[in-house]
Amino acid sequence: MREIVLDTETTGLDPNSGHRVVEIGGVELLNHVPTGKTYHQYINPERDMPEEAFNVHGISEAFLADKPLFAAVGQDFLTFVGDAKLVIHNASFDMKFLNAELGWANLQRLLLDRAIDTLEIARRRFPGAQNSLDALCRRFGVDNSAREKHGALLDSEILAEVYLELIGGRQPDFALSVVSTSDNAGSQMSDWKPTPRPAALPSRITEEERAAHKAFVDTLGDDAVWNS
């Protein structure tokens with residue numbers, strides 16, 4: 001199964017208000033394993049860069065001045081994603097912008113049901129918790145120290161790690177499928193053996209949840225099973 005973990009950076013929040021995509025980043029997964037293939041493109045939005053957006057991603061109007069227009073790179077983007085599922089954090093935002101750009105360039109739009117929204121997955125798994133990409137990195141122990149500002153490719157690489165944890169940890173198929181870019185792709189590794197996780201995952205229980213549980217146990221008396 002081929003998936004593309006995807007992220008965009010934009011000039012604002014709504015393409016219907018004249019905002020545009022300025023960066024696209026994508027990471028290829030096969031059977032939930034990164035292949036090393038990526039897509040990265042800066043795009044000239046043909047407009048100014050609002051200060052609010054610049055403060056988020058640090059991409060300036062001057063930097064984008066010599067970058068290609070979306071119409072010039074849109075088909076290359078579609079070729080890269082092919083018919084893969086698209087793994088996106090807050091998918092409705094990115095899909096809205098990508099389909100607006102594709103429509104303006106007279107290119108085929110992306111079907112919304114291709115998107116796997118990691119924000120929705122996180123909300124189902126951790127209701128009431130913070131589920132931003134940074135919060136999920138802290139929860140799963142994913143290194144995001146290089147993320148001083150938002151960047152489409154870096155965020156895609158980080159999201160790929162978070163996504164694998166959200167769906168059950170790395171190589172959820174227990175490495176029965178092998179990713180290879182050579183001619184013998186898909187061959188089985190006869191010498192593969194499972195190994196322990198190099199470092200334990202951090203606790204998924206917040207301090208507030210821990211305190212609430214202790215307060216509940218205290219109401220049960222000394223014979224509560226948690227006290228034994």
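Two strands pair if DSSP finds at least two bridges between them. Helices (H or I, at least four residues) and strands (E, at least two) are DSSP runs, numbered from the N terminus.

## The model

This is a predicted model: local features need pLDDT of at least 70, side-chain atom pairs count only at pLDDT 80 or more, and totals for chains, interfaces and linings use all residues. Residues are numbered from 1 along each chain as its sequence is written, and side-chain values use heavy atoms, with hydrogens and water left out.

## Overall layout

The protein chain has eight helices and five strands. Along the sequence their order is β-β-β-α-α-α-β-α-β-α-α-α-α. The chain has 228 residues, and 41% of them are buried. Buried means under 20% relative accessible area, exposed over 50%, and partly exposed in between (1.4 Å probe, protein chains only).

The chain exposes about 13,100 Å², and carbon and sulfur atoms supply 52% of that area. Such areas come from the Shrake-Rupley method with a 1.4 Å probe; for residues, only the protein chains shown count as cover. Contact means heavy atoms within 4.5 Å. Take the contacts between residues at least 6 apart in sequence: 65% join residues at least 24 apart.

Strand 1 and strand 2 are antiparallel and pair over nine bridges. One of the residues involved is Arg 2, whose bridge partner in strand 2 is Leu 30. Strand 2 also runs antiparallel to strand 3 (residues 33-42), with seven bridges joining them. Here Gly 25 has His 40 in strand 3 as its bridge partner. Two residues lie between the strands in the hairpin of strand 2 and strand 3, where Asn 31 takes a positive phi near 50°.

Strand 2 is largely enclosed by the rest of the structure, because nine of its 10 residues are buried.

## Glu 23 in strand 2

Glu 23 belongs to strand 2. Is Glu 23 buried or exposed? Its relative accessibility is 3%, so Glu 23 counts as buried. A polar atom of the Glu 23 side chain lies 3.2 Å from the backbone nitrogen of Ala 152. Leaving out residues up to four places away in sequence, Glu 23 touches residues including Asp 7, His 40, Tyr 42, Ile 59 and Ala 152.

## Two nonpolar cores

A nonpolar core is a set of buried Ala, Val, Leu, Ile, Met, Phe, Trp, Tyr and Cys residues joined through side-chain atoms within 4.5 Å. The largest one has 22 residues, and Ile 4, Leu 6, Ile 24, Phe 77, Val 81, Leu 86 and Leu 110 touch the most other members. Strand 1 (2-10), strand 2 (21-30), helix 3 (70-81), strand 4 (85-88) and helix 4 (91-104) each supply at least two residues of this core. Helix 3 gives the largest share, six residues.

Leu 6 shows the reach of these contacts. Neighbours within four places in sequence aside, Leu 6 is in contact with residues including Ile 24, Phe 77, Val 87, Leu 98 and Leu 159. Another core, of 20 residues, lies apart from the largest one; Ile 121, Ala 122, Val 142 and Ala 160 are among its members.

## Helix 6

Helix 6 (residues 133-140) is mostly covered, with six of its eight residues buried. These are Leu 133, Ala 135, Leu 136, Cys 137, Arg 139 and Phe 140. They pack against helix 5 (118-125) and helix 7 (152-166). Just after helix 6 comes Gly 141, with a positive phi of about 70°.

Note on methods:
Polar contact = N/O pair within 3.5 Å; in protein donor to acceptor, adjacent residues only side chain to side chain.
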